[in-house]
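Reader: I would like to learn how to read a structural model with care, one feature at a time. Could you start with the surface and then work inwards?

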Amino acid sequence: MSGKKGIELLRSIASVMTKTNGYDRCLQQLVMVSGGDGHCLAEFKVQEEHLNRAGGLHGGFTATIVDVVTTYALMTKDNAVPGVSVDIHVSYLKGARQGDEVVIDANTVRAGRNLAFLECELRHKKDNSVIAKASHTKYIGSS
């Protein structure tokens, strides 16, 4: 599934996942740009609530974005389930400040019977420089 159907699915998933008074509401500013066939492209503008004490994009928020947006990418695969995280690894390469526009590009590398392997990059929209690179492994088998 790609194109218009893919982006409609992603927007629907994102809407359901962020309608909460809990932690996930911090993701309501994510804008789904495109997606389908195991891919998700999203954007957001760094807001004050995304910052650490030093005024940079918070590493924990970055890891949350990786978790959520890679799951969105996985959910665009046929017969996909969101699964549960087994491992998330994030390498922080460059900072981002309030007002910066960030592009999130997530891909499903492989989805097998039990595990899904996903990758993600966060980049500055202005110059395409990499803010963070991540890998995410999810258990998707039946319990």
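Author: For the surface we begin with a rule: patches are made of residues with over 30% relative accessible area and no salt bridge, where like charges are joined within 9 Å and nonpolar side chains (Val, Leu, Ile, Met, Phe, Trp, Tyr) within 5 Å. A salt bridge here is a side-chain nitrogen of Lys or Arg within 4 Å of a carboxyl oxygen of Asp or Glu, and accessible areas come from the Shrake-Rupley method with a 1.4 Å probe, only the protein chains shown counting as cover for residues. This is a predicted model, in which local features need pLDDT of at least 70 and side-chain atom pairs count only at pLDDT 80 or more, while totals for chains, interfaces and linings use all residues. Residues are numbered from 1 along each chain as its sequence is written, and side-chain values use heavy atoms, with hydrogens and water left out.

Reader: Which residues make the nonpolar surface patch?

Author: Val84, Val86, Val109, Leu115, Phe117 and Tyr139 make a nonpolar patch of about 500 Å². The elements that give two or more residues to this patch are β3 (84-92) and β5 (115-124); helices (H or I, at least four residues) and strands (E, at least two) are DSSP runs, numbered from the N terminus. Val109 has its place in strand β4 (residues 101-111).

Reader: Why does Val109 count as exposed?

Author: The terms rest on relative accessible area: buried means under 20%, exposed over 50%, and partly exposed in between (1.4 Å probe, protein chains only). Val109 counts as exposed because its relative accessibility is 54%. Across the protein, buried residues make up 41% of the 143 residues.

Reader: In what order do the strands form the open sheet?

Author: In general, two strands pair if DSSP finds at least two bridges between them. Here the secondary structure comes to 2 helices and 6 strands, and the 6 strands form an open sheet in the order β1-β2-β4-β5-β6-β3, with antiparallel pairing. Because β1 (31-36) and β3 stand at the edges with a single partner strand each, one side of each is left without a neighbour in the sheet.

Reader: How many bridges join β2 to β4, and over how many do β4 and β5 pair?

Author: Antiparallel β2 and β4 are joined by 7 bridges, and His39 has Asn107 of β4 as its bridge partner. Between β4 and β5 there are 9 bridges, again antiparallel, and a hairpin of 3 residues joins these two strands. Thr108 is bridged to Leu118 in β5, while Leu118 has His136 as its partner in β6. The pairing of β5 with strand β6 (residues 130-139) is antiparallel too, over 9 bridges.

Reader: What kind of aromatic pair do Phe44 and Phe61 form?

Author: Rings of Phe, Tyr and Trp (its six-membered ring) pair if their centres lie within 6.5 Å, and planes under 30 degrees apart count as stacked, over 60 as edge-to-face and the rest as tilted. By this rule the count is 1 aromatic pair. Phe44 and Phe61 form it edge-to-face, at 5.8 Å centre to centre and with 75 degrees between the planes. The pair links distant parts of the chain, since Phe44 lies in strand β2 (residues 39-45) and Phe61 in helix α2 (residues 59-75), 17 residues apart.
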